[in-house]
Amino acid sequence: MSLFAYDFMQRALLGVLITGLAAPALGIYLVQRRMALIGDGIGHVALTGVGLGLLTSRSPVITAVVVSALGAVAVELIRERGKASGDIALALLFYGGISGGVFLVALAAGKTNANLMAYLFGSPLTTSREDLVVMAVLGGVVLAVTLLLRPWLFAICQDEEYARVAGLPVRALNLLLAVTTAVTVTVAMRAVGLLLVSAMMVVPVAAAQLVTRGFRATMHLAMVLGVAAAAVGIWIAAEYDTAPGATIVLVAIAAFSVLATGAAVWRTARRRAGAVGVDGEAEPPEVVLQP
Amino acid sequence: MSTVVELRDGVVAYGDRPVLRGVDLTVHAGEVVAILGANGSGKSTLIRAILGLVPLLAGTLSLFGVSRRGRELRGQWRRIGYVPQRLGAGSGVPATVAEVVSIGRLARRGLLRPAVAADRAAVATALASVGLADRATAPVGTLSGGQQQRTLIARALAAEPELLVLDEPTAGVDALSQSAFADALRAFVAGGGTVLLVAHELGLLQPLVTRAVVIHDGTIAHDGPVPAPAGHHADPHHDHVHPHAPHDPPGIWTGR
């Protein structure tokens, strides 16, 4: 633990903790909509933003936020149309994003490919003080949106048509969710990298919902798991000199496996014990034909 | 008697295919109107047009006497409780019955306003009225089809609407849920509510219905008392089979 006495380790720890907290808070809405992989696509688009930033010597984080937000809004507009060709449009956007990023980073003379790797797979140990401030501010924005607007975002992700009939500002909320997804991607970029961003949005949620019954409980447990995976992962990475981003994600997946096994064992044990819980109640038949 | 819904010459088309061709429908306060018709007759499209979920190509629509299109009409939507056929697609994450029903309150709660005691009371009352008070903390995914349907009705009732719009509320619903549902609807009507429902068959709801509108091929074929079942449908023992709709569960016919 002595490593955490160093400034760079403290910044690394703070950075991944912010990511571990913010990514699942946003990811739960994507999972609810069954769009769990959208974060991955937005991550691809963000790489073009990184390339633009490196090429023009601006902060890659800021350009990544702008470009990925534009990409996220485009994704939302494609989703809203619900066209069959939407699948292809998303593929064009995502692969255009990642190849545009690689292309621009290569154009940025004097910058080595080490930079590209840092953005693709994360590099929390090189988090600067300025990086950390940007991450804290953006992470705060993500938490404010996802926690304060939870009932409304839950409503549009649960049943968009009902929300529309109820007069909720569905379109504005959808666009806000899209832009917040882009911001989350950028926050997580330093910690786990653009290729693993989606994992931190999805895996803690997938693990939490194995043992929860409600949406709010799932959200809170997913945030706890995200923070725990980030802390344990960065500690392992520091102790054993492993790749930090990948280690954090592997820890989250390990948590998922443990919970999945635990839940299965618990269910089997309950069945063996003959305990019939509320969920095990005999349900009335769906259809009764009356004589 | 005030007018709740007034549709004049409503025309709706999906692409080039006309679904509703010049439909007039007026619903007055306190009425329970059932829209009947075969699959594909346009009955669901009619209520979707009234709810603003599909655009009107021609014709005028007014809700609660407000006839302008756009934002002014949107203000009237919160006076409507909508009960869709089934739970939305957003079931990737577990949600409790109470959480889903609470969505109904959002129409009355301003954006970013915290839930107050009145919101929680309305949710509890709505759950009790459909007989699901003891299932409030159960995940909706574990409920039977009928209980999920009652959850959706409770969500609509939680908004304390003046008009309930229901899309096939009794399709594939068990008898226990049907009677709980009929009780909830009866209480809503007794409290001065208006109901517009689409149904394949009325079942236990039949005694509640004050007027039936039959849609055939995109036009209104009948508007008046509930028509008596004709032909083999009149036989209370008839086996209800829809060869054109293999996925439709058999309906319930109480033949009253």
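1. Helices α1(A) and α10(A) are roughly perpendicular to each other in this predicted model. Their packing angle is about 75°, and 65 to 115 degrees counts as roughly perpendicular. The axes lie 7 Å apart. In chain A, helix α1 covers residues 7-32 and helix α10 covers residues 197-208.

2. Which residues of α1(A) and α10(A) meet? From α1(A) come A:Thr19, A:Gly20, A:Ala23, A:Pro24, A:Leu26, A:Gly27, A:Ile28, A:Leu30 and A:Val31. From α10(A) come A:Met200, A:Met201, A:Val202, A:Pro204, A:Val205 and A:Ala206. The residues of this contact include 12 nonpolar and 3 polar ones, with no charged residue.

3. Next, chain B. Its open sheet has 3 strands, ordered β2-β1-β4, with antiparallel pairing. Strands β2 (17-28) and β4 (58-63) of chain B are the edges. Each has a single partner strand, so one side of each lacks a neighbour in the sheet. From one strand to the next, the twist averages 15°.

4. The pairing of β1(B) with β4(B) is antiparallel and runs over 5 bridges. Strand β1 of chain B spans residues 3-14. Opposite B:Val5 stands B:Leu63, in β4(B).

5. A helix also packs on this sheet: α1 of chain B, residues 43-50. Helix α1(B) touches β1, β2 and β4 of chain B. The direction of α1(B) makes about 65° with that of β2(B).

Terms used. Residues numbered from 1 in each chain as written. Chains lettered and ligands numbered in written order. Predicted model: local features only at pLDDT ≥ 70, side-chain atom pairs only at ≥ 80, totals over all residues. Axes fitted to C-alpha atoms, helices over the stretch in contact; angles between N-to-C directions. Helix = DSSP H or I, 4+ residues; strand = E, 2+ residues; numbered from the N terminus. Parallel < 35°, antiparallel > 145°, perpendicular 65-115°, else oblique. Contact = placed C-beta atoms within 7 Å. Nonpolar A, V, L, I, M, F, W, Y, C, P; charged D, E, K, R; others polar. Pairing = 2+ DSSP bridges.
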